[in-house]
Amino acid sequence: MDKNRAYEMARLAEMAYLDTFEFKKEHSDRRFCFHSVNGTQFYTVWTDTELTFAFRGTEITDFADIKADLKFKRVPVGTDHEVGTVHRGFKSALDSVWDVFKEDYDRLQEGRTVTLTGHSLGAALATLAMSRLDNFDASLFTFGSPRVGSRDFKTVFNFKFDKVYRFRNHNDAITRHPLSFWNYRHVGLWFYFDGDGSLVTNPSFWHRLKQFGSGMLEGFMDKKIDSLSDHSVSNYVKLTREM
C-alpha cells in the first residue's frame, strides 16, 4: 500500500464535502466535475493518467443522507456478477447516481488508472460502486466506513479485488455498524490507527479491546465521546499524512 497515495485519497475524501467553488481552489491543477442526484454526491477527478471518484459522506443537515444510513435492511446486490446482499439505503443512494457515474467512467477510463474513495457514507458508496463496476484493476481507499454487505458479499468481493484499503481510526463508532450480528461484514485489507496514531494492519480482537478501553477512558476524562470524535474525516487526513 502506497502511503502517499493513501494520504492523497484521504484528502480527496475530505474535499468531497466542499462545494464546487471551494473544491476548485483546492484542486486547480486537475479537471473535475460534480454530480448530485437526490442527495447523493460525488466528484469525478481526472488527469492524463488517473481517474478518481470521491463520494461525499453523511451530512447531518441532509435528510437524504440520514435516511440512507438508517435503511439497514439487506437487499440483493442486483447484478449478475455480484453475490450476496447489501445495505438497502446505501444501495438506493448509489442507484440514484449510477447512470451519471457510469457515464463519466465510460467517457474517461480508457488509458487511466481508476481509484474510488470516500469517508463514512461516501466510503460505503465507493465500496458498492467498486463491486458493481467490476474493474479488477481499480483501487479502493475508504475512511471510517460502515459495513456494507453480507458475509457472501465480502467473500466474493475480497476474492475479486486485491487493491482495497480500509482505514479505521481507533474507536470510530461508524465502522462498527451495522452490527456483525445482523450478518454485516467489512471488506478489504484493514489499517487500524491506535490511540497514539500508530498503524496496525488487521489488528487482533484483544488489541482492539485494549485500545477501546483506553480510548473511552481518555474520552471520559476529557469529557468527550471518543468513538464519535474518532470519526472525523480531518483525523483521517492527519493520520495518513503522518504514516
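1. A salt bridge here means a side-chain nitrogen of Lys or Arg within 4 Å of a carboxyl oxygen of Asp or Glu. Glu14 and Arg11 make such a pair, with their closest N and O atoms 3.0 Å apart. Please keep in mind as you read on that this is a predicted model. Both residues sit in helix H1 (residues 3-15), 3 residues apart, or about one turn of the helix. Glu14 has 22% relative accessibility, so it counts as partly exposed, and Arg11, at 21%, counts as partly exposed too.

2. A word on the overall picture. The protein has 9 helices and 10 strands, and buried residues make up 50% of its 243 residues. Of the contacts with a separation of 6 or more, 66% come from residues 24 or more positions apart. The protein exposes about 11,900 Å², with carbon and sulfur atoms supplying 53% of that area.

3. Back to the charged pairs: the structure holds 12 salt bridges. One of them joins Asp48 to Arg31, where the closest N and O atoms are 2.8 Å apart. This pair links distant parts of the chain, with Asp48 in the loop between S2 and S3 and Arg31 in strand S1 (residues 31-37), 17 residues apart. Asp48 counts as exposed because its relative accessibility is 59%, whereas Arg31, at 39%, counts as partly exposed.

4. Helix H4 is worth a look as well. The side chains of Asp95 and Lys91 meet in a salt bridge at 3.1 Å, N to O. These two residues are 4 apart in helix H4, so about one helical turn separates them. Asp95 is partly exposed, with a relative accessible area of 34%, but Lys91 counts as buried at 17%. Elsewhere, Arg5, Glu8 and Glu50 are linked in a network of salt bridges.

5. Beyond its sequence neighbours, Arg147 touches several residues, including Phe90, His177, Tyr184 and Arg185.

6. Arg185 is buried and has no salt bridge, the nearest side chain of opposite charge being Asp152 at 9.4 Å. A polar atom of the Arg185 side chain lies 3.0 Å from the backbone oxygen of Ser180. Away from its sequence neighbours, Arg185 is in contact with Arg147, Gly149, Arg151 and Lys154, among others.

7. Finally, the nonpolar interior. In soluble globular proteins, nonpolar side chains tend to be buried together. The largest nonpolar core has 34 residues, and those with the most contacts inside it are Phe53, Phe55, Phe101 and Leu116. Strands S2 (40-46), S3 (50-55) and S6 (113-119), along with helices H4 (88-108), H5 (121-133) and H6, each supply at least two residues of this core. A second, separate core of 20 residues includes Ala10, Tyr165, Phe167 and Tyr236.

How values were computed: Residues are numbered from 1 along each chain as its sequence is written. This is a predicted model: local features need pLDDT of at least 70, side-chain atom pairs count only at pLDDT 80 or more; totals for chains, interfaces and linings use all residues. Side-chain values use heavy atoms; hydrogens and water are left out. Contact means heavy atoms within 4.5 Å. A nonpolar core is a set of buried Ala, Val, Leu, Ile, Met, Phe, Trp, Tyr and Cys residues joined through side-chain atoms within 4.5 Å. Buried means under 20% relative accessible area, exposed over 50%, partly exposed in between (1.4 Å probe, protein chains only). Accessible areas come from the Shrake-Rupley method with a 1.4 Å probe; for residues, only the protein chains shown count as cover. Lys and Arg count as positive and Asp and Glu as negative; His and the chain ends are not counted. A polar contact is a pair of N or O atoms within 3.5 Å; within protein, one must be able to donate a hydrogen and the other to accept it, and residues adjacent in sequence count only if both atoms are side-chain atoms. Lists of a residue's contacts leave out its neighbours within four places in sequence.
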